[in-house]
Amino acid sequence: MAFAFSRIASFTRRDHRYVLLGTSAFAAIGMMLSSQPRSSMSFLAHAFTVELVMYYLLVAWIVLSAVALVFKFTHWKTYAQTAPFTKPGVVRALRLGSYVIWAMVAILVVDRVVLGFASAWVAAASSTSMPKDMLVQVLYMFQQGKQTYIAGVVTTIELAVFGTVIAFFLAILLVAIRIMEIDRSDNDFTRFLKKVGVGFAKFYSTIVRGTPMLVQGVIIYYLGIAVVSSFGFSITEVNNIWSRFTAGLVVVSLNSTAYMMEVLRGGIESVDMGQMEAARSLGLSQWQAMIKVVFPQGIKFAIPGLSNELVINIKDSSVLSVIGVFDLTFAASTVAGIYYKQLNAYLVAAVAYLIMTAIASWLLGRLSRRLNVKSKPLGSTSDAKPLSLGTEA
C-alpha cells in the first residue's frame, strides 16, 4: 500500500511538469493566433479588452512554465522536495489553470481560424475578379473551378477503385503461378509450364516494380495507339477505342498487380507450412490444398498491404496526367492555366488528395479491424522469403 501511494505521489510530481510544458505549447499557439488580424466575422473584434486580458494570461503561463523549468535545472536533485510547484494544492491549481488556457486557445481558434475561413469563403463567393488575399484567392479559384475539380476527383476515384479491384484478381492469378512448385507426379510438359509461369511472374514483377508508373503510362498509352491504329482505324475511332481513361486504367491495374502479387505472396508464405502438409496428408492435391487451406489464410494476412494499395493508387494516379487523363492533377493544371496561379490551384488539389486518402485509410482500417487483422508490414517484396505475419488473438 505504501509503495502504491509513493508511486501516485511520484506521478503527481512529474505530471505537473507535463501540464506546464504541454500547455505552454498551446499558449504559444494562442498568442500567435491573437497576433493575427481579425476577420469581418470575428466576435472578438468588439471585445479588445477581453482579448488583451487573454493574451497576457497566455504570456503569464509561458513565463510561469519558464520559471519552473529554470528551477528544475538549478535544483535538479532536490526539485521534488523544494519546488513549490510540486505541492498538492499548487498542482491542482496548475491543472485548473491549464483548462482555462486550453479554453482561451479554443476561443481564439474559433475566432481566427474557423470564422476567418468562413469570412474568406464569403468574400470569395462575392468577388467578381481575382482577390488579393491568398486564402481568398484559393477559395475563389475553387469556387469558380468547382466542376473541373469534381470531375477530376471522380476520375481519380474511378481509376483507384477499379484499378485496385482489377489488380487484385490479376494478382491472385499471378501469385498462384508465382508460388507453383514442381510435384513428383507432374509430367515433363507440366514441369515446363510451371517453370515458364514462375519465370514470367518473376520477370513481370521485376519490370513493373523497377520502372516508374509515369514511364509505364507513356509507353502503354502510345503502344496501345500504335496497336489499334494498325487495324486501319481513323484517329477518331482510335481515340474512342483506346481512350486516355482506358489507358490510365490499364496502367494502374498492371502496376498494382505486380505489387499486390508480392503482397499476396508474402501473406501466403507467412502461413505455417504445417497447414499445407496437413492438407496433403488428408489426400488433397497441391492445388486443392492451396485453394482451400492456404489461400484463405494468406489473403487474410495480406489484407493490410492489399488495402494500402488503394491509398497508393489514389496518389500515384496523378502521374497519368502526363498522357492527358483528366484526373485531379490534370484538373488542377487546367484551373491553374486559366488564372495563372499554379500554387493556389495545386493547394486545392493537395487538400482534395488528403481528404480522399484520409477517408480511404479510415474505411480500410475499419475493414481490417472487422476482419481481426493487424496492420503490420508484409516484409520484403523481393525474391527473399517475406517476414512472418500474425493476427490478433
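Modeller: At 3% relative accessibility, glutamate 51 counts as buried, where buried means under 20% relative accessible area, exposed over 50% and partly exposed in between, with a 1.4 Å probe and protein chains only. The model is a predicted one, in which local features need pLDDT of at least 70 and side-chain atom pairs count only at pLDDT 80 or more, while totals for chains, interfaces and linings use all residues. Residues are numbered from 1 along each chain as its sequence is written, and side-chain values use heavy atoms, with hydrogens and water left out.

Glutamate 51 sits in helix α2, which covers residues 48-74; helices are DSSP runs of H or I with at least four residues, strands are runs of E with at least two, and both are numbered from the N terminus. Its partner is arginine 38, with which glutamate 51 forms a salt bridge whose closest N and O atoms are 3.1 Å apart, the criterion being a side-chain nitrogen of Lys or Arg within 4 Å of a carboxyl oxygen of Asp or Glu. This pair links distant parts of the chain, since arginine 38 belongs to the loop between α1 (2-35) and α2, 13 residues away from glutamate 51. In contrast to the buried glutamate 51, arginine 38 counts as partly exposed, at 36% relative accessibility. Side chains of opposite charge can pair when their charged atoms come close.

Leaving aside residues up to four places away in sequence, glutamate 51 touches Ser34, Arg38, Leu44, Leu108 and Arg112, a contact being heavy atoms within 4.5 Å.

A search of the whole structure finds five salt bridges, and glutamate 262 takes part in a pair with arginine 209 at 3.9 Å, N to O. Glutamate 262 lies in helix α10 and arginine 209 in helix α7, so this pair ties together parts that are 53 residues apart in sequence. Glutamate 262 counts as buried at 3% relative accessibility, whereas arginine 209, at 25%, counts as partly exposed. The side chain of glutamate 262 also meets that of arginine 265 in a salt bridge of 2.9 Å, N to O; these two residues are both in helix α10, three residues apart, which is about one turn of the helix, and arginine 265 counts as buried at 2% relative accessibility.

For the chain as a whole, the secondary structure comes to 14 helices and zero strands, and 39% of the 393 residues count as buried. Among contacts with a separation of 6 or more, 72% are between residues 24 or more positions apart.
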